Amino acid sequence: MKYIIKDNQAGFVLKNGVFQKMLTAGTYYFPQMFGYTVEVEEMTGELDYMEVPYQVLSKDAVFREATVHMELPDGEAGFIYVNGKLTSFANRKEYIYWNVFDKYEMKTVSMEETVMGAEVSKQMLALVPPYLYTEIRVGEGETALVYYNNVMQRQLFKGVYRFWNYCHNITYNLFDTRPKELDIVGQEILTGDKIGIRMNVACLYKIKDAIEFSASVSDLKVQLYSSVQLVIREIVGNYKLDEILEAKERISGEIHTALREREEMFCVNFLTAGIKDIILPGEVREIMNSVLVAEKKAQANVIARREEVASTRSLLNTARLMEENRTLYKLKELEYLERICEKVGEISVNGNAGIVEQLGKMMGAEAC
C-alpha cells in the first residue's frame, strides 16, 4: 500500500501492531498482507500519538531527534516555553512535544524552598494555580505573622510575600499596628455621693508587639473594653459629682495612668485616654441648671451693686469739686441748660424783661 507523508507529518510504521520505526516526509510502500500499517500524525504541538509507549518510541533515533521529552521532578513547578516565550504551567509529570518546527523548553522552580524566590516572575506567577502558593500583602502600618503547619516562623513588614504550599501548610495573621480608637459609650457609674451618671470615654491605643500579642491575647477589643470599664468605675466612683464636674481633666489623667499600668497585660500602648462627655440624670440636670441660674443672678446683682457704688462715689467726687469751685458749678449748670435747650422746640418770652434776664431767673439770682 502506498503512503504519502507530507513535510509537516510523521508516520509510525507498525507490523502486526508492533512499532518498527518512524518515517519523515516522502512516499512509502508497505504491503498490508504482511501486517504493515502506517499511522500518520501532524508534527506540531504536543504528541498525540500514544498508542505505543514513549519508552518504545524513543528507541527510534529519528523519533528522538524530532521530539523533546520533558519530565517534571517532584517538588518542582514547571513552566513551558515555546520559541522562548512562556505559554503555560506544567500540571503533569511528563510532556512530549514535536521539536521540529517549534522549540519547546521547560523551566523548573523548586517548591521545596518555602519562600518563593525572585526567579518566579510576574508572568510566571499568573500561570501558577492559586492552591500551590500563599500570597501575603502587608500594607503601611501593618505587620504579619507567618505560620508553617500552625507554628509561627517569621514576622513580615510592609511588602508583598509569597510562599509555596508544597512542604508546609502556610497560614498567617495580619495585624494593624496603627493607633486605634476605643470608645466606651454610655458607661453607667455611681459617684461617691451615690448619684448615678453616664459617661463617654475615648481611648487611643496601638499594638506594641505582634508576636507577644498573638500568643497572649485572643480577642483584644472585648478584653480592652472590659478593662477600661473597670478602670472607669474604680476611679470615678471615688469622686463626688461636683468633684467630677470640676476635675474632669485630672480624672482623665488618672484613667490614662491606670490603663498604662495594664499595658503589659494586653501587649499594647495606651496613647491617650480621657472623658469625652458626662451625662447627668434629668432631675440632677434640672437642679444643676437651677443652681447655675441662681449663681449667675447673684453674680449679676453683685456687679450691679458694685456699679452703683462706683457711680455714687463718682457723683460724690463731682459734688465736692463743684462745691469747692463755683466756676465749675456754673459751667455744670450751663452744660445742663444746654441739654435742656436741645430738647426745647420753642421759647416764649413774657413781660417786659429781656430773654437774658428771664434765663437768669431760671438759673437763680447769681446768674443775673
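Mentor: Cys203 is buried, as its relative accessible area is 1%. Keep in mind that this is a predicted model.

Trainee: Is Cys167 buried, exposed or partly exposed?

Mentor: Buried requires under 20% relative accessible area and exposed requires over 50%. Cys167 has a relative accessible area of 37%. That value lies between the two limits, so Cys167 is partly exposed.

Trainee: How many disulfides does a search of the whole structure find?

Mentor: A disulfide is a covalent bond between the sulfur atoms of two cysteines. To be counted here, the two sulfur atoms must lie within 2.5 Å. The number found in the whole structure is zero.

Trainee: Which class does the aromatic pair of Phe12 and Trp98 fall into?

Mentor: The whole structure has 12 aromatic pairs. For Phe12 and Trp98, the centres are 6.3 Å apart and the planes make an angle of 50°. Stacked needs under 30 degrees and edge-to-face over 60, so the pair is tilted.

Trainee: How many residues apart are Phe12 and Trp98?

Mentor: Phe12 sits in strand β2 (residues 9-15) and Trp98 in strand β9 (residues 94-98). Phe12 is buried at 0% relative accessibility, and Trp98 is buried at 1%. The pair links distant parts of the chain, with a separation of 86 residues.

Trainee: Which residues do ring pairs link into a cluster with Phe12 and Trp98?

Mentor: Ring pairs join Phe12 and Trp98 to three further names in one cluster.

Trainee: How far apart are the end C-alpha atoms of helix α7?

Mentor: Helix α7 (residues 248-260) has 13 residues. At 1.5 Å a residue, these should span 18 Å.

Trainee: Within what arc do the buried residues of α7 fall?

Mentor: The buried residues of α7 are Ile251, Ser252, Ile255, His256, Ala258 and Leu259. Viewed down the helix axis, they line one face of α7, because they fall within an arc of 165°.

Trainee: Which elements do the buried residues of α7 pack against?

Mentor: The partners include both strands and helices. The strands are β17 (196-207) and β18 (268-279). The helices are α5 (220-236), α6 (241-246) and α8 (263-266).

Definitions and conventions:
Residues numbered from 1 in each chain as written. Predicted model: local features only at pLDDT ≥ 70, side-chain atom pairs only at ≥ 80, totals over all residues. Heavy atoms only, no water. Phe/Tyr/Trp six-rings, centres within 6.5 Å; stacked < 30°, edge-to-face > 60°. Helix = DSSP H or I, 4+ residues; strand = E, 2+ residues; numbered from the N terminus. Buried < 20%, exposed > 50% of the residue type's maximum accessible area, 1.4 Å probe, protein only. Expected span 1.5 Å × (residues − 1). Arc of directions from axis to C-beta. Contact = heavy atoms within 4.5 Å.
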